[in-house]
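The sequence and model are shown first.

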Amino acid sequence: MPAQTPASHEQVEKLLSRWQEHFKGAVSLRDRRTAFRVFMESLPEPTRIQIRHVDADGVDAELIWPARLHHPIGRRVILFIHGGGFYGGSIRSHSLLAGSLAKAASSDVLLIDYRLAPEYGYPAQVNDALTAYRYLLDSGYSNGNIVVMGDGAGGNLALEAVLRQMRSRQPLPAAVVALSPITDLSASGASVTANAANDRVLDKDALDTLRKAYLGNNSPTDPDISPLYANLAGFPPLLLQVGSGELLLDDTLRLADKAQKAGVDVTAEVWPGMPHHWQLFPSVLDDADKAGQRIAEFAITHFADPPAQ
């Protein structure tokens, strides 16, 4: 990716200063969940979209689509599985990015609220993600017009839901997008240590805490939990985005390398100077707008029935 501009650096620094001040004293998972919710609620809500509450076979969700009379609702969709370390995040926290993608990709977006840790551990979250995907199929969306997407922990769930679908020999989505995904619950990537001083959003202690809450007594290298250890042969086209200074940099790079060796059509983007979750801030960060546009273009390219240009 191109070098970070001075204007982008200034925007990121301003946002991170607010973030760090806001998260002071938030140590427990519940405290961090609340801090994340309050911080994201300070952002404006998306505009020029339509929203409908959906019960996706027991998974709470919102269906979002562009507020245009000609938009063909029900034709193509992005299933968006929010991040938040398996313990936080919500429809509200990710609605700004979801709304932006609906407009940029001329697509419906199903944004789901899955069960959270520590109240629920593995496999509740991935079960909910897979249920939502199959709900879309049952609702009339062609698998070739579905893109599955997630960020952070949601990226893990997006990858694992599709891997489950592969193993059951069921229809696969047109493509998958994973933004700074947690691909290795054993946290063995070199960047977990090398970037510990650089990542001002996800610190090593928080990563260890969320891992324990999600894993329970399960093995962190179980391929059903950590997609880095899974057989990726036959996986759909994959777009990965990650910031250059993130703890999870190697979670992305190692997955990209393994996917490429397995014959997957994979695009991996390392964005200079970008923090974890930067895509959640369209209209606040220029590089969030750019990243969202690239995600939308990737989805449009892979939809079997792309929107008219």
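## Parallel pairing within the sheet

Isoleucine 78 stands opposite valine 147 of E5. These residues belong to a parallel pairing, in which strand E3 (residues 77–81) and strand E5 (residues 146–151) share 5 bridges. Two strands are taken to pair if DSSP finds at least two bridges between them; helices (H or I, at least four residues) and strands (E, at least two) are DSSP runs, numbered from the N terminus.

## Basis of the model

The model is predicted: local features require pLDDT of at least 70 and side-chain atom pairs count only at pLDDT 80 or more, whereas totals for chains, interfaces and linings use all residues. Residues are numbered from 1 along each chain as its sequence is written, and side-chain values use heavy atoms, with hydrogens and water left out.

The pLDDT, the predictor's confidence in each residue on a scale from 0 to 100, averages 96 over the protein chain, and 99% of the residues score at least 70.

## Sheet order and hairpin

The open sheet comprises 8 strands in the order E1-E2-E4-E3-E5-E6-E7-E8, and its pairing is mixed. Its edges are E1 and strand E8 (266–271), each of which pairs on one side only. From one strand to the next, the twist averages 20 degrees.

Strand E1 (residues 49–56) and strand E2 (residues 59–66) pair in the antiparallel sense over 8 bridges. Within this pairing, valine 54 has alanine 61 in E2 as its bridge partner. The hairpin of E1 and E2 has 2 residues between the strands, and aspartate 57 there takes a positive phi near 55 degrees.

## Helices on the sheet

Helix H8 (residues 249–261) packs on the sheet, where it touches strand E7 (238–243) and E8; contact means heavy atoms within 4.5 Å. The direction of H8 makes about 155 degrees with that of E7. Helix H9 (residues 286–302) lies across E3, E5, E6, E7 and E8, and runs at about 170 degrees to E7. Axes are lines fitted to C-alpha atoms, for helices over the stretch in contact, and angles run from 0 to 180 degrees between N-to-C directions.

## Contact of H4 with H5

The axes of helix H4 (residues 124–138) and helix H5 (residues 153–167) come within 9 Å and cross at roughly 65 degrees. Residues of H4 in the contact include Leu130 and Tyr133, which belong to the group that meets residues of H5, among them Leu157 and Ala161.
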